[in-house]
Amino acid sequence: MNKFGFSTHASRVIDYETIDTKLISYIVENEPSFASCISCGSCTATCSAANLTYFNIRRLNVQIRLGEFEEIQQEIDKCMLCGKCMLVCPRGINTRNVIMLIKRGLTTLEIKK
Amino acid sequence: MNFNFFVLPFTIGFFIIIVVLGVRFTRWIWKLSKIDKLRILHGFFTRRTLRAIREAWNESLLHKNIFKVNPFLGFMHMSLAFGWFLIIVVGHIEMYALTGNLTAMPWESVFFRYFEHTTSHAHAIFAHIMDTLLLLVLGGVGLALYKRVNMKFFGIRRNTQLRVSDKVALYSLWAIFPMRLLAESATAGFYMNGGWLTNNIGHVFQLVNLNSNGELIFWWIYSISLGAFFVVLPFSRYMHIPTEVLYIFLKEYGIKLKREYNSFSEIQVYSCSRCGICIEACQMHHAKISNNQSVYILKNIRDENITERKIYNCLLCGRCETLCPVNLKLNDLRITLRINASKDFNSTYDFLEQPHNTEHAEVVYFAGCMSHLSPSIISAVETILKTTKTPYLFIDKEKGVCCGRPLMLAGQQKAALKLINHNRESIIQSGAQTLITSCPICYKTFKEDYELGQMRILHHSEYIHELLTNKSLKISKSTQKYIYHDPCELGRGSDVYEEPRFILSQTGTLKTIENERQKSLCCGGSLGDVSLSMQERNRITHQTLLQLTKPNPDCIVTACPLCKKTFAKQKKVPVKDIAEIVVECM
């Protein structure tokens with residue numbers, strides 16, 4: 001097989017109907033501004049934790065909707081809650097509350113993984 | 001022994017309150033940690049006790065702090081507390097002096113005038129004094145009644161809702177002194193044993209032919225209202241009266257709020273008098289939030305109906321704390337609640353590697369996350385450090401780790417300690433003598449949580465002040481008019497008020513506004529609040545800016561990157577950090 005110098009992700013199937021929506025509903029209910037995220041990535045660009053790790057707060061938004069809760073559990077641990085993302089967000093999303101809600105949601109809600 | 005059946009309600013109430021308070025106080029002190037109990041033991045026979053007595057005299061009786069906020073409100077509290085105290089004290093002196101009976105029952109001094117009908121000169125003098133004191137208390141009751149009608153007159157916006165026990169206590173408190181006046185006057189009508197006030201009202205009673213049954217009814221009602229007040233007091237908001245005294249003593253013995261909710265926190269909760277001063281101080285009403293001020297939180301803790309949103313929706317700016325007449329540590333109290341609410345999901349930060357600094361420097365500069373968002377502050381501070389030829393190490397230039405305070409404010413204590421230990425290690429490894437930071441949020445936690453030993457911790461405004469006073473930095477005066485905005489964490493949080501003002505007086509003209517220093521307003525960007533939306537924040541910022549721009553400054557100067565960033569949203573008046581101003585004038 002030819003080596004092209006790059007790799008591709010293995011194909012995967014995401015069944016939206018089986019994804020547990022408890023976490024996303026919990027977040028949007030308590031922090032409605034989260035729904036207005038346009039995934040611009042300003043938050044990740046300024047993030048203190050992203051400077052030290054591969055933490056990507058923008059990706060969390062997608063991961064929550066895709067139901068990748070185990071990855072979120074590992075990732076969310078890296079946020080230091082410094083609040084820079086909140087200041088740069090063009091949509092004025094209260095990102096610190098989103099992080100706190102994800103953390104709380106993952107421990108208190110019984111989420112099907 | 002003088003006795004009549006009407007003394008029973010008072011006597012029963014009196015014994016009930018003694019027992020209930022005894023049990024509560026013992027339980028509170030019993031539950032304190034061992035070290036705190038030792039603190040009480042060691043402090044008891046020292047000057048601290050005298051200081052506590054003085055503070056209890058000033059605050060529990062004279063209510064000096066409330067006088068500072070509003071004289072009418074102060075007079076109301078003072079006349080009720082101090083007036084009643086004097087009535088009790090002078091009443092006892094009167095009884096002992098006139099009867100020589102030192103083994104009298106508690107009711108005998110309270111109902112002295114019903115039992116004692118002699119009218120000598122000494123009696124008359126005491127009667128006049130007691131009448132005057134009674135009038136003082138009645139003045140307080142009158143103001144309390146008026147306060148229910150016109151709260152604004154007392155500088156209060158709103159107050160808490162009363163529970164049934166509060167209402168019973170309130171109405172019996174209102175009844176006590178008017179009934180005492182009527183009862184004593186009725187007796188004075190028969191025997192002329194009253195003072196200038198009661199004798200005259202007694203005359204009127206004689207004119208309308210009041211008989212001894214009528215007199216007895218007044219004494220009964222007086223006794224019942226006293227008894228009722230004593231019985232409900234421990235279960236109503238008036239529990240603050242005895243608890244505040246206990247709080248003052250414990251505070252004076254050096255007991256502080258811990259990072260967990262314990263019996264000392266509970267003592268603070270019960271010490272709140274619900275005067276409502278914190279409601280007026282709070283800026284959250286600009287964001288239309290009016291159920292979450294400190295007094296409501298304390299009430300919610302007592303009524304056990306506290307929600308996470310209530311705990312987290314507070315700027316932690318500390319305005320209420322500085323105005324609180326009881327000196328409650330409202331911010332720390334709220335943080336302990338947050339720690340409790342979020343203790344199940346603290347981060348571990350396993351990715352952090354052991355810091356190994358190879359560089360050493362006398363001076364370490366820690367800019368802080370927020371300063372990295374506002375690079376002009378960093379470059380200004382670096383320019384100053386370079387101009388004064390200070391060798392320094394910029395410790396969080398590239399892979400900076402947050403100081404931990406934002407996590408602490410959100411109640412994530414364990415997680416915060418991880419970051420604190422990491423940064424602490426790397427600062428100590430650098431062998432620095434001085435740590436300079438540009439961010440008041442970092443500054444406060446460096447001072448309070450980092451335990452850096454002998455290392456000097458300075459905000460850059462303090463450092464510049466030092467350079468100016470020892471003449472290592474020279475600046476020229478410009479024609480600019482400034483207004484200085486005190487950041488919450490630097491001003492109220494760390495008591496740095498004068499250094500930035502000194503610097504600005506050297507670089508231009510400093511204008512003053514009404515709400516500055518301890519009273520300064522929050523910019524609205526505070527990291528203390530986790531659940532405030534951006535729209536709500538903007539409303540608070542708008543109101544603060546209105547006050548800051550009132551004297552038409554050329555520039556709003558602040559010393560916090562977060563305040564700067566928050567204010568910079570508006571375009572009318574430029575906002576600069578104090579370091580930038582200094583660089584401009586160099």
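Helices (H or I, at least four residues) and strands (E, at least two) are, in this report, DSSP runs numbered from the N terminus.

## Basis of the report

This is a predicted model, in which local features need pLDDT of at least 70 and side-chain atom pairs count only at pLDDT 80 or more, while totals for chains, interfaces and linings use all residues. Residues are numbered from 1 along each chain as its sequence is written, chains are lettered from A and ligands numbered from 1 in the order in which they are written, and side-chain values use heavy atoms, with hydrogens and water left out.

## Two residues with positive phi

A:Ser39 lies in the loop that runs between α1 (22-30) and α2 (42-46) of chain A. Although A:Ser39 is not a glycine, its phi is positive, at about 55°. Most residues other than glycine have a negative phi. The relative accessibility of A:Ser39 is 28%, so it counts as partly exposed; buried means under 20% relative accessible area, exposed means over 50%, and partly exposed lies in between (1.4 Å probe, protein chains only).

B:Arg517 belongs to the loop between β6 (509-511) and α26 (534-548) of chain B. With a relative accessible area of 27%, B:Arg517 is partly exposed.

## A helix pair in chain A

In chain A, the axes of helix α5 (residues 69-76) and helix α7 (residues 95-108) come within 11 Å and cross at roughly 125°. Axes are lines fitted to C-alpha atoms, for helices over the stretch in contact, and angles run from 0 to 180 degrees between N-to-C directions. α5(A) and α7(A) are therefore oblique to each other; angles under 35 degrees count as roughly parallel, over 145 as roughly antiparallel, 65 to 115 as roughly perpendicular and the rest as oblique. Their crossing is left-handed, a term used if the near helix is turned anticlockwise from the far one by less than a right angle, with right-handed used if clockwise.

On the α5(A) side, A:Phe69, A:Ile72, A:Gln73 and A:Ile76 meet A:Ile99, A:Ile102, A:Lys103 and A:Leu106 of α7(A), where contact means heavy atoms within 4.5 Å. By class, the contact of α5(A) with α7(A) has six nonpolar, one polar and one charged residues. Ala, Val, Leu, Ile, Met, Phe, Trp, Tyr, Cys and Pro count as nonpolar, Asp, Glu, Lys and Arg as charged, and the others, Gly among them, as polar.

## Chain B as a whole

Chain B contains 28 helices and eight strands. Its C-alpha atoms fill a box of roughly 95 × 50 × 45 Å along the principal axes. Of the 586 residues in chain B, 58% are buried. Among contacts in chain B with a separation of 6 or more, 74% involve residues 24 or more positions apart.

## Helices of chain B

Helix α1 (residues 7-31) and helix α11 (residues 212-232) of chain B have axes that come within 7 Å and cross at roughly 15°. α1(B) and α11(B) are therefore roughly parallel to each other, and their crossing is left-handed. Residues of α1(B) including B:Phe10, B:Phe14 and B:Ile17 meet residues of α11(B), among them B:Trp220, B:Leu226 and B:Phe230. The contact of α1(B) with α11(B) has eleven nonpolar, three polar and no charged residues.

Helix α13 (residues 263-271) of chain B has eight of its nine residues buried, so it is largely enclosed by the rest of the structure. Its buried residues include B:Phe264, B:Ile267, B:Val269 and B:Tyr270. The cover over the buried residues of α13(B) includes α1, α12 (240-252), α15 (294-302) and α18 (330-341) of chain B.

## The parallel sheet of chain B

Four strands of chain B form an open sheet with parallel pairing, in the order β2-β1-β3-β4; two strands pair if DSSP finds at least two bridges between them. β2 (392-394) and β4 (456-459) of chain B are the edge strands, each pairing on one side only. Neighbouring strands of this sheet are turned by 25° against each other on average, direction ignored. Helix α20 (residues 375-387) of chain B packs on the sheet and touches β1, β2 and β3 (434-437) of chain B, its direction making about 165° with that of β2(B).

Strand β1 (residues 363-366) of chain B runs parallel to β2(B) and is joined to it by three bridges. In this pairing B:Val363 stands opposite B:Tyr392, and B:Tyr365 stands opposite B:Phe394. With β3(B), β1(B) pairs in the parallel sense over four bridges, and B:Phe366 has B:Thr437 as its bridge partner in β3(B). Both faces of β1(B) are covered, with B:Val363 and B:Tyr365 buried on one side and B:Val364 and B:Phe366 buried on the other.
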